[in-house]
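Here is a walk through one protein model, from its confidence scores down to single side-chain pairs. Have the structure open while you read.

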Amino acid sequence: FQFFGSAFMTCKEGDEAPFPKCITLNVGGQRFCTSLQTLQADPSSFFGAMFSGRVPIETSSDDGSYFIDRDGTHFRYILNYLRTGKIILPRDITEDDVLVREISEEAEYYQLPGLLRALSSSFMESSILEHLSSCYTTLLKWLPLGTHCHLLYRASRDGFSNRKFHELCDGKGATYTLIRSGVSLFGGYNPCSWKSERVGGHSSGVGAFLFVLASSLNSLAPPSKFNNITPNYGAFNLANYGPSFGENDIFVNLDEHSGHTDRLQNFRNESGSPDRLAGQLFNVDDIEVFECCR
């Protein structure tokens with residue numbers, strides 16, 4: 001058994017792996033001392049497995065420390081979370097946003113979903129992402145720096161209604177939409193306010209993007225972001241539709257719990273190849289719209 005990112009760890013099945021009460025970790029050259037109890041606080045985490053006693057490991061140097069091949073810059077936040085179950089960050093909002101993203105990367109590596117949820121307060125109100133903590137880091141990367149989100153509308157809570165969506169979301173500025181359809185999870189970012197247009201029209205696509213976090217079309221595909229390539233075709237505003245984007249890139253009819261997608265015309269991923277976010281016709285199991293503030 002081997003812990004990826006760590007070194008000098010061996011095992012012989014059946015052997016015991018006793019540990020001292022005080023543990024020294026060498027994280028990328030920085031040394032941290034903590035208690036064995038702290039490292040075992042979350043049995044499902046990286047350290048919970050490492051110091052479970054089920055898998056013998058060897059110290060990596062003469063000083064008895066355990067080497068972990070990670071940057072130790074933010075490791076104190078990881079340790080403090082294991083000690084207290086809380087995360088305390090500096091006050092400056094702009095710097096915090098960068099810091100949150102960096103610590104989120106470490107929390108994901110050390111398999112601490114509780115810390116990821118605490119860091120991703122923008123999505124604490126999301127029931128769609130409740131058990132998908134690995135998505136938090138991805139969404140934080142894609143949102144503009146310094147963005148904080150507040151839930152405006154959830155179909156399963158507020159009703160599957162185009163009218164209700166517009167009532168709660170129109171005129172709120174930039175929004176982030178999450179759509180769940182079976183195993184598929186996708187949506188889009190609209191930098192402009194939603195409107196209840198009678199005829200229908202597109203808002204500016206500058207800064208808009210679509211995304212896929214999980215897809216029924218390819219379960220092995222990584223999360224992908226699709227940037228707008230046609231500035232005149234961003235979100236589509238129509239009173240008889242829910243949150244929709246582009247020219248049939250995503251169209252949602254909340255009254256019918258349904259939607260459809262075509263091969264993307266107005267959005268492209270980084271490779272430049274066209275794609276479809278979900279099945280051409282899809283059921284809307286739930287949808288959430290977040291107001292994005294900075």
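## Ground rules

Two strands count as paired if DSSP finds at least two bridges between them. Helices (H or I, at least four residues) and strands (E, at least two) are DSSP runs, numbered from the N terminus. Keep in mind that this is a predicted model, where local features need pLDDT of at least 70 and side-chain atom pairs count only at pLDDT 80 or more, while totals for chains, interfaces and linings use all residues. Residues are numbered from 1 along each chain as its sequence is written, and side-chain values use heavy atoms, with hydrogens and water left out.

## Confidence and overall make-up

The protein chain contains eight helices and 16 strands. Of its 294 residues, 49% count as buried (under 20% relative accessible area; exposed is over 50% and partly exposed is in between, with a 1.4 Å probe and protein chains only). Contact here means heavy atoms within 4.5 Å. Of the contacts with a separation of 6 or more, 65% are between residues 24 or more positions apart.

On pLDDT (the predictor's confidence in each residue, from 0 to 100), the chain averages 83, and 84% of the residues score at least 70. Where pLDDT is low, the predicted coordinates should not be read in detail.

## The β1–β2 hairpin

Strands β1 and β2 (residues 30–35) run antiparallel and are joined by six bridges. Two residues sit between the strands of this hairpin, and Gly-28 takes a positive phi near 60° there.

Which residue of β2 stands opposite Leu-25? That one is Phe-32. Leaving aside neighbours within four places in sequence, Leu-25 is also in contact with a list of residues including Leu-39, Phe-47, Phe-51, Tyr-66, Ile-68 and Phe-75.

Helix α3 covers residues 75–84, and its buried residues are Phe-75, Tyr-77, Ile-78, Leu-79, Tyr-81 and Leu-82. Just after α3 comes Gly-85, with a positive phi of about 75°.

## A three-stranded sheet

Further along, three strands make an open sheet in the order β12-β13-β15, with antiparallel pairing. Strands β12 (251–253) and β15 (281–283) are at the edges, each pairing on one side only. From one strand to the next, the twist averages 20° (axes are lines fitted to C-alpha atoms, for helices over the stretch in contact, and angles run from 0 to 180 degrees between N-to-C directions).

Strand β13 (residues 258–260) pairs with β15 over three bridges. His-260 has Leu-281 in β15 as its bridge partner.

## Salt bridges

How many salt bridges does the count come to? There are five, where a salt bridge is a side-chain nitrogen of Lys or Arg within 4 Å of a carboxyl oxygen of Asp or Glu. One of them joins Glu-106 and Arg-70, at 2.9 Å from N to O. This pair links distant parts of the chain, 36 residues apart: Glu-106 is in helix α4 and Arg-70 in the loop between β3 and α3. Glu-106 counts as buried at 11% relative accessibility, whereas Arg-70 is partly exposed at 22%.

Glu-167 and Arg-163 also form a salt bridge, at 2.8 Å from N to O. Both are in helix α8 (residues 162–169), and they are about one helical turn apart because four residues separate them. Glu-167 is partly exposed at 46%, and Arg-163 is exposed at 56%. Through shared partners, Arg-163, Lys-164 and Glu-167 join into one salt-bridge network.
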